Amino acid sequence: MQSTDVIIIGAGMAGASAAYFLAPHRRVLLLEREAQPGYHATGRSAAMYSETYGNATVRAITTASKPFYFDPPQGFADHPLVTPRGSLMVGAAQDQDRMHALWQELHALVPNVQWWTQGDILQRVPVMRPEMAHCGVFEPDAMDMDVHAIHQGFLRGAKAAGAQLVCRAGVQHIQRELAGGWRVDTAAGSFFSPIVVNAAGAWCDEVAQLAGVAPVGMVPKRRTAFTTEAPAGCDIGAWPLVIDAQESFYFKPDAGVLLMSPANEDAVSPQDVQPEELDVAIAVDRIETATTLQIRQVRRKWAGLRSFVADKSPVVGFAVDAPGFFWLAGQGGYGIQTAPAMGQLTAALVRGLPVPDAMAALGVRAEDLSAHRLQG
Ligand SMILES: Cc1cc2nc3c(=O)[nH]c(=O)nc-3n(C[C@H](O)[C@H](O)[C@H](O)COP(=O)(O)OP(=O)(O)OC[C@H]3O[C@@H](n4cnc5c(N)ncnc54)[C@H](O)[C@@H]3O)c2cc1C
């Protein structure tokens, strides 16, 4: 049986980033059930980086990830990981007071967040119907992320530092050995390690159950997305991501086409989730109501799972009920934009170190992320 220092279960963005930051310090084995890492949530995102998205903890971890994304280590990727997009929340007249309060809150966090009038919105996104674009909150530094390059960069860097990735290695049994440490049985053989990192995304409570560890109450939520042609004669390249004040739809340019979503959050069991026709129809109806876009054809559609615990913060830290069992889960709709800081945090905590100073300065606290807060 192969023995190592740390086994990471799941090679999506979470497991890959943890492996990247841990591998220089520990022998790391990354176990992935699928033939290709990135098949699940990581390969199905909308690829946006936004410092105003999510709760205060998520925002702090997103900001802590900024230096890595804006100035990655040399050789991490051969082109920029993030490119300017901007993010615009639009509201009707009745949304104005709530939107203005939101702008004040976000502006205190990210000073260049702007209040936009109807004129500003229509100039930048001329397809908006004026009554649905009475006012807006614009985040200029929201970015498109190259998710594939980021994920591959983490995996490549982890391997270069000695980590081993085993695909088609679905974990079937996890047993705490009497001598201490974990025996992990997979479809690709058995492995032993004193520390197991649970980065299994939507399946993290199932993996915990295999190890006899109390669940954290993870709820995977389906989100559907699709692409459609850009309107004829319209240069969409400079459009930001547009989301409505109720968060009932969004759309953004994506490599020459428009990516759209009803921004749904439908609770489902962990699975290889597929898009529902109804989700697409709902998005088309909402977007056609808010804009002059006419969506004739869906080019490609997909769905992915955004997995949340009750307070919508991630879960990072050792389980209190099982020595050496480490949670790295609950990334929700923010797992790409938070990955560098989550990986650094995991590497620190697994090694018995405190929250890194740069993150602590932004208000990231181990107790806000620990599994303990959910397990009572
Ligand atoms: C439509 C959509 C839009 C999104 N937009 C954004 C966005 O704009 N910005 C952003 O930051 N985030 C976004 N997200 C969220 C982001 O995609 C996720 O938070 C992130 O990918 C989660 O990464 P993960 O590694 O935890 O999960 P996953 O990528 O799902 O990886 C978990 C891995 O664990 C493996 N696994 C599970 N069980 C086992 C087992 N028993 N043995 C071995 N391996 C196992 C799985 O095969 C899987 O590969 C979006 C998500 C969706 C669905």
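The model is predicted, so local features need pLDDT of at least 70 and side-chain atom pairs count only at pLDDT 80 or more, while totals for chains, interfaces and linings use all residues. Residues are numbered from 1 along each chain as its sequence is written.

The chain is divided into domain 1 (2-69 + 146-217 + 311-375) and domain 2 (87-140 + 219-308); such bounds come from an automatic or database domain assignment. The contact between the domains takes 21 residues from domain 1 and 19 residues from domain 2, where two residues are in contact if their C-beta atoms, placed from the backbone, lie within 7 Å. On the side of domain 1 that touches domain 2 there are six nonpolar, ten polar and five charged residues. In this classification Ala, Val, Leu, Ile, Met, Phe, Trp, Tyr, Cys and Pro count as nonpolar, Asp, Glu, Lys and Arg as charged, and the others, Gly among them, as polar. The C-alpha centres of domain 1 and domain 2 lie 29 Å apart.

The ligand is surrounded by 41 residues, of which the closest are G10, G12, G201, G304 and G335; a residue is near a molecule or strand if its C-beta atom, placed from the backbone, lies within 6 Å of it. The shell divides into 21 nonpolar, 14 polar and six charged residues. At least two residues of the shell come from each of α1 (13-22), β15 (219-228) and β20 (298-308). Helices (H or I, at least four residues) and strands (E, at least two) are DSSP runs, numbered from the N terminus.

An open sheet is formed by four strands in the order β1-β13-β12-β11, with mixed pairing; two strands pair if DSSP finds at least two bridges between them. At the edges stand β1 (2-3) and β11 (171-176), each of which pairs on one side only. Strands β11 and β12 (residues 182-186) run antiparallel and are joined by five bridges.

Helix α7 (residues 277-290) has 14 residues, which at 1.5 Å a residue should span 20 Å, and its end C-alpha atoms are 20 Å apart, which agrees. The expected span is 1.5 Å times one less than the number of residues. The buried residues of α7 are D279, V280, A283, V284, R286, I287 and A290. A residue is buried if 20 or more other C-beta atoms lie within 10 Å of its own, exposed if 12 or fewer, and partly exposed in between, with C-beta atoms placed from the backbone. Residues three or four places apart in an α-helix point the same way, because there are 3.6 residues a turn. The cover over the buried residues of α7 includes β15, β16 (241-244), β17 (250-254), β18 (257-261) and β20.

In β18, four of the five residues are buried. Three bridges join β18 to β15, and the two run antiparallel; here F226 stands opposite M260. With β17, β18 pairs in the antiparallel sense over five bridges, and F251 stands opposite M260. β17 and β18 form a hairpin with two residues between them, and A255 in the turn has a positive phi of about 50°.

Most residues other than glycine have a negative phi. E247, in the loop between β16 and β17, has a positive phi near 50°. Is E247 buried or exposed? E247 is exposed, because 12 other C-beta atoms lie within 10 Å. A263, in the loop between β18 and β19 (266-267), has a positive phi near 55°. A263 is buried, with 21 other C-beta atoms within 10 Å.
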